Amino acid sequence: MALDNGARHDQVGAPERTPEVVPLSVNVSNEFSPGVKGFFQKWKSLATGIRITAGRAAAGPKTLRYPAEKVTLSDRWRGALRLRGVLGIDDIPILHEPSITHNALVDRLNREERLSPCMGNCPANVDARGQNYFMAEDRGPEAYELVRERNIMPGVLGRICHHPCESACRRNYYDEPIAIRPLHRLAYEAYEREKSSRLLPLPVTKSQKVAVIGSGPSGLAAAFDLMQLGYQVVAFEKEDKPGGALYSGVPSYRLPREVLHGEIDNLVAMRLDLRCGIEIGVDVPIDHLIGEFDAVLIAAGLQESRILPIPGADAKEGVVGALPFLKEANWKGDAGVKGKRVLVIGGGNVAVDCARCALRVGAAEVRLACLEGDQEMPCHPWEIEEALDEGVIAMCSLGPEEVLTKDGRVVGMKMRECLSVFDPVGRFSPQFGDNYSTFETDVVVFSIGQAPTLRDVVAGSDLVLTERGLLPVDGTLFTTDIPKVFACGEVVTGPGSAIGSIATGHEAATSIHRYLAGQSLQEDRTPRPVPIYAKYEKATLDGVEESRRRVVMPMAKPEARSEDFSQVELGLTHLEGLQEAARCLRCQSEVCVGCTFCARTCPDYAIQVERIDDPGGRRVTRYELDLTKCCFCGLCAEQCPTDALCHTGQYELSFYHRDLAVFDREEMLRSGAGTRATGQDGTHHIDPEEASLS
Amino acid sequence: MAIVDKLGESLNGSGGGIILTSVDAVVDWSRGHSLWAMPMGTACCAMELIAASFNKFDFDRHGTFPRPDPRHCDVMVVAGTVTRKMAPAIMRLYAQMPDPKWVIAMGNCAVSGGIFYYDSYSVIRGVDEFLPVDVHIAGCPPRPESLQDAVLQLRERITTESIAPGKRHVRELLLPTNGDVSLHENGDRE
Amino acid sequence: MNIQELRDHLCGQHPDLCPLFSIEFGDGVLQVDCETLYEAAENLQSLGFDRLGMLTAVDFGDHFEMVYRLTSRSMSVGMFLKCAVPRETPRTRSLVPLWPAALWQEREVYDMFGIEFDGHPDLRRILLPPDWVGFPLRKDYRDDRLIRRPDYI
Amino acid sequence: MSGSVFTGYTGGLIWGLGGGLVIAIATLFGVWWERKVAGRIQMRLGPQTTGPFGLLQTVADMVKLLLKEDITPTQADAPVFRVAPLIVFVPIAMAVTVIPFAAGWAPLDTSVGMLFFLAVPSVSVIGILMAGWSSGNSYATLGGLRGAAQMISYELPRTLSVLSVVLLAGSLRPVEVMEAWRWWFIPLNGIGFLVYFISSVAECNRGPFDIPEAESELVAGYFADYSGIRWAIFMMSEYGGVIAASLFGAALFLGGWAWAPGLFGTAIFLLLTVVLVTAMIWIKWTFPRMRMDQLMNTAWKVLTPMALLQIAIIGVVIAWL
Amino acid sequence: MALEVESREEIVDERGNEVSELVINVGPSHPSTHGVCRVITHLDGEIVTKAEPVIGYLHRGIEKMAENRTYLQIVPLTDRLDYVGSMYSNWAYCRAVERLAGIRVPERAEYLRVIVCEMQRIASHMMSLGSAAGDTGAATMFIYAFDERERIVELFEELCGARLTYNYVRPGGVSYDTPEDWFDTLLEFTRKHRTALHEMDRLFFGNVIARGRMKGIGVLSAADAVGWGASGPVARGSGVNWDLRKHDSYSVYPRFDFDVPTGSNGDAYDRARCRLFECFESCRIIEQAVAQIGEGPFKAEGAPRLLKPRPGEAYDHIESARGSLGVYIVSDGSERPYRVKFRSPAFCNLALLPLLAQGHTLSDLVVILGSLDPVFGEVDR
């Protein structure tokens, strides 16, 4: 290597070779022998030639008898372009699929590479594409109902979801992702306005009854699925109000309680039998449920916060777990930290919630300490950003060493420098350095993980917990040791996201239904969720028109919002929602939505696309491909997010007149277009007079 | 050409419609089945032009084979990009071909400039700017079969021709074209 | 030989060229004055750069930059030789006496940029017809026959 | 048949016209056959869609060429340009008339038939020169000059090679030569046949000696500016030359009708001719084209000595007999 | 053909100047100019006294167009440069872009690039050998060689859906992974191809006429080859052992064992036979690469649609079938390059024609031109 220096980026472990060691290998010159021998060699060479041509002639022709005999085209053949569908003529497919068969649908779409990335990356496979379609058409209630099929509380998740759909959104590749999550919220608001006509009780068609322990997202998701199937569902909640972790753990500046309870009220209105204030295992033994109901689903969630066993952590005052802290802050609006300095240990989302809550309940100074460096914090980047805006002080790469106490009261915290968190294999194995630092603080909130408390729940039943207090559950089927009993939610998965819990709820509901209907539980089941989409690098946005940018979610002012529990995200207006939904590319819907990416990527500028973007009237009005400029490079079809633009096998493109090769929208939609190549529908004859033009 | 012209004129003039039709049938048959190609290969499409006449696709099956000499050719296949520098040579070669002669524009460069339509200062946007093109083949480059298809289309088109000057037989062309796309105004595409 | 060794070698042999030598993006660049271009090239040739791989120009608006890519087979190394040609008087010295490879390449640069080469035996247009007006690769080239692309990304 | 209209001047005219017709028809099949054989060598099919096995292909070509515009370039010397194809064609058509087609019969049975066959086609050199010169095209001029040089050079080995048969048979009258023909002429005349064959190929401007019309150098050589029917006549003379040379070679060297009596003999004769034509086609499509100096070297340094060697061998044999 | 675009006038001119030379115009559309090249040939009898190539008949201004296209949009343009070996221009361009934008290419992509480029080398050399044979009148050899090329084109079609303009190598990788069983078909091809190569060697390079036509024709000395910037088989035919795959071993080439065929006479025969031997070497490389290639991504992940490399300049080159093909890109940090220059080997090689053709006959002129293997898409750009 050498012509260039060592900075060569793609040099893959090559040994250096210098010209000296290269053998001057093959010499290509050759001559006839001199003299008589050469004379005969010359004649022989002629004979050899005849022999070779004779051999080839004997081998027979290799010709294809065109047009009777066609060449077999490769299925990647880049023939003439056609559209599969156009918005305004064809509608995009809406995937209304019962939960029972939803997985099969997703798998099939995935196999056929027709799964939109947002749907694929969502643990519950919410059809965000369909939602955006309805939202753009100003059909909010329908969007709500579509989302609700897989996401039990769109209004709630529209506020708190960590939106894996948006990270997978193909729009990332071009500019910025669609605001799918805020659109959930708008859909909820639209639904609420029309609730009276749309909210009907679900009919009970089956005699079996199912008990659900816990009214968190996963329990409700399972309950809703089962209710739709006609089962009678009873949900038990130990607190006074339903909602589980959403109620106790999520601060109300993110999730107003009226929204949460509004959503749950809707479920109740659909004939969910919700019984609050009943703690299974305490008020009612679980055996009783097992006896009374045909199936029992444990969706109790995680109740307990872990506290690090470090010196001083047992202090009487000033050390709290995250969940109790949040619960107090949420319910009472006061966690006893007014005017105090708070140090939150942990870098996850819950820790950030704790920190932000602490600010709101009047803490004088809030610090957040975590092991990880600032680029690798496990919480979502937008969360920590908002927290920093509000005044939280983040301290990264610090490990808790000792809680400094004085008279049983916390006075400070000793921290140790953390060098690395994970070992090369990716296991959690923090390495600490020798630098110590001490911070003065009054309250230490440990937010380093949660655990289930199921001892009470399972007491007296045949269910056996593991040593760590976990319930042994099949991760795919969500069955427990007892056939009748199922489990879902964070009890099974450990700390996770709301939407992840919902996904397990759907799976558990499927299992319960199969169990009750006497079907095989295992058939066609795969572990969920199946993460399928890779991340995108951030696209460069300069040069991108304003109209193509993502709508900006209005936020409350940081200094104002950190005072109380008022909402931080103020929500989009109706019009903004329509515009944002219209940005959706309708990936893999096989319907051209006029995104113009094909026109933009075309090196020949052969494609012209025009569309109307009116709310409710989004139409592709013009799609024109000048086939005579097209260079058949295939870049447009690769770019097409909806897969509507595709190459056909058509290669015989002879025209008597050049303008016949300019395909308009209708021509683009015709399939095959009768040629010798395709043999399809040769019904279009050209007028001889027209043929004689040119 | 003179003999044929005279023949055609007299047949047409003397009301010998039936004779003219049969003569035309023979003449058109011979012309259509013996389209010797003047391979005006300038760029990439020339490779497919070569491929079309070689063993896998074999133009010769249809009686078409490339002759390098324009005087012996019937159809000029302009295969490839035509630049301002090249155009006079092509015009000259076309002029050297004996009548009756046809032109096939093979590939998008020859049809419209294709990928070089925009931003190129030296490419001519389609040979129909200076040649009467009979069949355009879209493609970049078109498959050899497309060229064969174009020759067959040209053959059908020749069946509408008559040796009588100015006369044209109205025949239904059996070959499918690409649909009922109406002609666009030239104006809005430039 | 890598680029550092090349620099050391060059500095050892021709200390006057040494300050002009820089390493940019992994390639050695010798930025010289156009008056001394020929001498520099001659020095490099005697240093072992026996191939003139590429020769071109870049229009930087206020000046043209001549870019010569030299490679040495014996040292297995390549480098750039550059000089800035003023736009008002685009002239520089031809390298044809050193490398005949420059014969056509300099004609091409003349054709495309209008830079004239003193000492070139046959400086005519090469790619464009002789009667062409203008030098297309200049940034300010205008041509009525050119249709500009639609302006979106 | 003395006294009949088929002898003398009228006979010459009639048989000459007949020869022309035969050559024209044979050319149609010859071209078809060449395209089929060449196709086969090149793993292709050759003409296929026009008529059964593409047999009508050459007919279509011929009709089309007849109706093509007949261009006389403005820079051409018009009268010479127009007449040149005929001057090339007529001698070839005439040469066919002396070939002994059937037992004891040749259309024009003259005592100097051998000489006639060798001498008359040489006149077409003049036609080629005329065509090349009058076209006013430098390629054509080069082609014409190349053609003249080549054909004149190869006259010598070809004549010498025929001489060996004449010596053996002891007559210049083709019919008598054929009657004297015995099967052992073949081994005896092996070298002579090779020389005759190669120089015939060269005489006919066929590959690998087609440098006067070298497609890749001179585009089409001396007939580069001919179109339509005049060019077709050139092609007919080329194929006529091939067929005539093959007929003559099949008769003199391979025995022609002497293998069997009556029409059988003629059939064998024609079959042998086809074999020779095929061989010519085959080598054309197998070998690269020679260069002018190599061509001359081959004529003067290889073929002429070989022909002389053959004559010497025959001389020895005759003396020994 | 006939060509006579302006020759008549020139002859008159020359005659007016009392020169006993015949000036004929070969091209711009002539059967053996391999495209659109015009050679103004001064003849003394049949001896060429001066041959002056006139090029630019296919000058499409690709370099200017590239300044108006985004980095991705230029890839299809590079296809049209060297249309006999589109993969090379793709690759050379992508290497320069990757260098500029700092994109790392996955290993599988590098292997795929090597495989397709070696296939392309075979295809290109088959075209070159075939047309060189066609120039000497061996039309059948042309078809045999082209038949081999057709097999590769079929494989390419399987791979990327195009027969000629592949648009396969992209900045950051390649556009498609291989279809199933593709490697098996490829290996079967290389096996059969060797037999075919031997056959062609005997049919054409062993033939007495072909040797006569090509031996000692257009002799290029090693010093001239270096000085005139010749590269590829043209330089190697003269014994200049210069192959970027060895001497600037880019990509994964150092992992393969192959030889560099060189000639000793520097004539048309050596240049052409160099190409034949390179096909053998390419078969070897392909077989090794197929054995070594591993699973993995074929594209750098997550590269944005619009590349905006840092301002600066990058030069990178590869060994194409015709020699060292370099691409020089100047970026001003926007989404379109500021200047793109293609250093085309065919352009530099073709400059040798006047030197080589002098003193040979007109027939040799086309042989020499064929042995330089110009592709005018690349010469004129």
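**View 1. The largest nonpolar core of the predicted model has 486 residues.** A nonpolar core is a set of buried Ala, Val, Leu, Ile, Met, Phe, Trp, Tyr and Cys residues joined through C-beta atoms within 7 Å. A residue is buried if 20 or more other C-beta atoms lie within 10 Å of its own, exposed if 12 or fewer, and partly exposed in between, with C-beta atoms placed from the backbone. Leu297(A) and Val78(B) are the residues with the most contacts inside this core. Helix 11 (residues 228–252) of chain D gives the most to it, with 16 residues. Helices (H or I, at least four residues) and strands (E, at least two) are DSSP runs, numbered from the N terminus. A second, separate core has 45 residues, including Leu323(A), Val366(A), Ala387(A) and Leu398(A). In soluble globular proteins, nonpolar side chains tend to be buried together.

Residues are numbered from 1 along each chain as its sequence is written, while chains are lettered from A and ligands numbered from 1 in the order in which they are written. Because this is a predicted model, local features need pLDDT of at least 70 and side-chain atom pairs count only at pLDDT 80 or more, whereas totals for chains, interfaces and linings use all residues.

**View 2. Val78(B) and its contacts in chain B.** Two residues are in contact if their C-beta atoms, placed from the backbone, lie within 7 Å. Leaving aside neighbours within four places in sequence, the contacts of Val78(B) are Met40(B), Ile90(B), Val103(B), Ala105(B), Met106(B), Ala110(B) and Val127(B). Chain B has 6 helices and 4 strands, which follow one another along the sequence as α-α-β-α-β-α-β-α-β-α. Of its 190 residues, 66% count as buried. Among the contacts in chain B with a separation of 6 or more, 75% come from residues 24 or more positions apart.

**View 3. Contacts between chains, with chain D against chain A.** Of the 9 pairs of chains in contact, chains A and B share the most contacts. Where chain D meets chain A, 8 residues of chain D are in contact with 10 residues of chain A. Helix 1 (8–41) and helix 12 (262–286) of chain D are the elements that give two or more residues to chain D's side. That side divides into 5 nonpolar, 1 polar and 2 charged residues. Here Ala, Val, Leu, Ile, Met, Phe, Trp, Tyr, Cys and Pro count as nonpolar, Asp, Glu, Lys and Arg as charged, and the others, Gly among them, as polar. No contact joins chain C and chain D, and their closest C-alpha atoms lie 24 Å apart.

**View 4. Domain 2 and domain 4 of chain A.** Chain A is divided into domain 1 (81–88 + 589–691), domain 2 (93–199 + 561–583), domain 3 (201–303 + 452–527) and domain 4 (307–451). These bounds come from an automatic or database domain assignment. The centres of domain 2 and domain 4 of chain A, taken over C-alpha atoms, are separated by 33 Å. Contacts link 7 residues of domain 2 of chain A with 7 residues of domain 4 of chain A. On the domain 2 side, the residues divide into 2 nonpolar, 2 polar and 3 charged.

**View 5. Leu276(E) lies in helix 12 (residues 268–292) of chain E.** Leu276(E) is buried because 22 other C-beta atoms lie within 10 Å. Not counting residues up to four places away in sequence, Leu276(E) touches Leu129(E), Leu197(E), Asp201(E) and Phe205(E). Leu276(E) and Phe205(E) are 71 residues apart in sequence and 9.4 Å apart in space, C-alpha to C-alpha.

**View 6. Strand 7 (residues 323–331) of chain E has 9 of its 9 residues buried.** Two strands pair if DSSP finds at least two bridges between them. Strand 6 (residues 312–320) of chain E pairs with strand 7 of chain E in the antiparallel sense over 9 bridges, and the two form a hairpin with 2 residues between them. Ala314(E) has Ile329(E) as its bridge partner in strand 7 of chain E. Strand 7 of chain E also pairs in the antiparallel sense with strand 8 (residues 339–343) of chain E, over 5 bridges. In strand 8 of chain E, Val340(E) stands opposite Ile329(E).
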